[in-house]
There are 2 protein chains.
Amino acid sequence: MQASDRTRKRPRSRYAVLGMLSMGLETGYAMKKHVEVHLGHFWNESYGQIYPILRQLVEEGLATCQVEQQAGARRRKCYALTPAGGNELRAWLVQSPEPQPPRLELLLKLTFGERVPVEACEQLIRDHRETCNRDIAHLASIESALRDKPGRHPDQPYWLMTLRYGRAVREAERTWCDETLEQLQEIRSGHQLTSESGMGR
Amino acid sequence: MQASDRTRKRPRSRYAVLGMLSMGLETGYAMKKHVEVHLGHFWNESYGQIYPILRQLVEEGLATCQVEQQAGARRRKCYALTPAGGNELRAWLVQSPEPQPPRLELLLKLTFGERVPVEACEQLIRDHRETCNRDIAHLASIESALRDKPGRHPDQPYWLMTLRYGRAVREAERTWCDETLEQLQEIRSGHQLTSESGMGR
DNA sequence: CTAGCCATGTAATCCGTTACATGATTGG
DNA sequence: CCAATCATGTAACGGATTACATGGCTAG
């Protein structure tokens with residue numbers, strides 16, 4: 001009962017922000033950019049989350065904020081992690097995420113695929129295959145940019161792991177698409193044999 | 001501008017319900033059960049969604065509802081799809097889902113992995129590996145149960161495709177886990193060499 | 001008789017996105 | 001001067017989960 005405070009589920013965005021503070025990002029704006037550019041393949045954040053969280057973290061003593069307002073500089077709030085904030089982050093990092101219920105719209109559509117022409121299903125799969133290909137190319141470009149960078153960041157090996165994850169999953173999906181397209185073609189042949197054979201309408 | 005009605009984004013739960021109506025499921029309760037048992041590997045639904053949606057669909061003429069209330073039977077509402085409902089479903093089925101921004105907590109943690117002992121990261125990965133194994137076994141059991149069933153359902157080939165998807169992705173993840181564990185071990189060796197070599201504290 | 005399943009429903013709450021409002025600074 | 005970028009923030013909305021309330025039927 002009294003563990004409710006430690007056990008209470010906090011929004012994951014909170015820890016994304018703490019993590020970015022821990023890598024020295026100072027402004028909400030910079031964090032949003034960082035998510036878009038570097039974490040985009042497995043995470044997203046909106047200003048509507050970031051700014052309120054930043055304010056909260058300061059209230060809770062997990063971060064500090066000093067306003068930069070000297071002449072000839074943009075108005076900006078400079079945040080930094082406190083030791084307590086670091087502890088909070090690490091405590092979260094070591095907990096295995098509980099598996100979250102997935103919602104894969106593509107598979108939901110495919111489950112009901114019998115209700116539409118086979119060709120429609122084939123289109124769904126081809127589109128998904130294209131998405132996979134684009135993602136794989138995108139991940140590859142991020143990866144090579146990261147490897148070419150001269151002074152290597154201490155986080156680099158971990159970043160590479162996340163990139164490998166994306167590639168592995170996307171490639172598996174692409175293979176699945178190919179197999180599935182073959183199966184759909186078989187179904188199509190089956191339809192031509194059993195129902196009308198060549199009749200329009 | 002005037003396409004707003006057809007284009008307007010509707011909650012996906014709505015179509016999950018329409019789909020289940022199309023396969024003859026009659027009550028909200030049965031739908032919840034079906035999601036849990038048969039779609040659990042890629043979808044989830046809660047009563048808090050299902051019942052309000054069912055009411056709405058009737059209001060919109062996409063479903064009908066007749067209350068079964070003869071003596072000696074449980075009180076239940078029997079829903080069925082109308083032709084308009086079938087059209088709505090099919091119109092949705094043929095549209096490729098736009099890629100939804102993922103939020104993979106495991107990868108978020110791994111990105112910040114440098115902030116905790118390597119052993120903690122290894123534990124994260126091992127746990128995930130276990131999850132993959134459990135899922136693969138679970139999918140296999142569903143699949144064999146489905147294949148063994150005598151009278152084959154017209155939707156069966158599509159169900160098998162969704163199962164293959166789950167297996168393909170989970171197996172790819174498992175392979176990634178193995179590779180990642182190796183890399184983490186290398187990192188661990190590196191630490192031992194550069195920093196204190198065997199010193200406690 | 002009672003535990004467990006069938007069955008329906010709602011209110012509170014949460015997480016998160018979207019859209020908007022505002023404005024300073026810098027580079028071309 | 002103007003467009004792009006840096007920068008902060010909030011209000012409204014939406015989708016979804018959680019927790020709760022209720023009750024009848026059935027099998028052991």
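Between chain B and chain A, 28 residue pairs are in polar contact, both residues at pLDDT 80 or more. A polar contact is a pair of N or O atoms within 3.5 Å; within protein, one must be able to donate a hydrogen and the other to accept it, and residues adjacent in sequence count only if both atoms are side-chain atoms. The model is predicted: local features need pLDDT of at least 70, side-chain atom pairs count only at pLDDT 80 or more, and totals for chains, interfaces and linings use all residues. Residues are numbered from 1 along each chain as its sequence is written, chains are lettered from A in the order in which they are written, and side-chain values use heavy atoms, without hydrogens and water.

The two chains, B and A, also share 6 salt bridges (a side-chain nitrogen of Lys or Arg within 4 Å of a carboxyl oxygen of Asp or Glu). One of the salt bridges joins the side chains of A:Glu179 and B:Arg164, at 2.7 Å from N to O.

The contact takes 65 residues from chain B and 65 residues from chain A (contact means heavy atoms within 4.5 Å). About 6,600 Å² is buried between chain B and chain A, 65% of it on carbon and sulfur atoms. Buried area is the accessible area (1.4 Å probe) that two parts lose on being put together, summed over both. B:Arg103, B:Tyr158 and B:Tyr165 supply 13% of the area that chain B buries against chain A, more than any other three residues.
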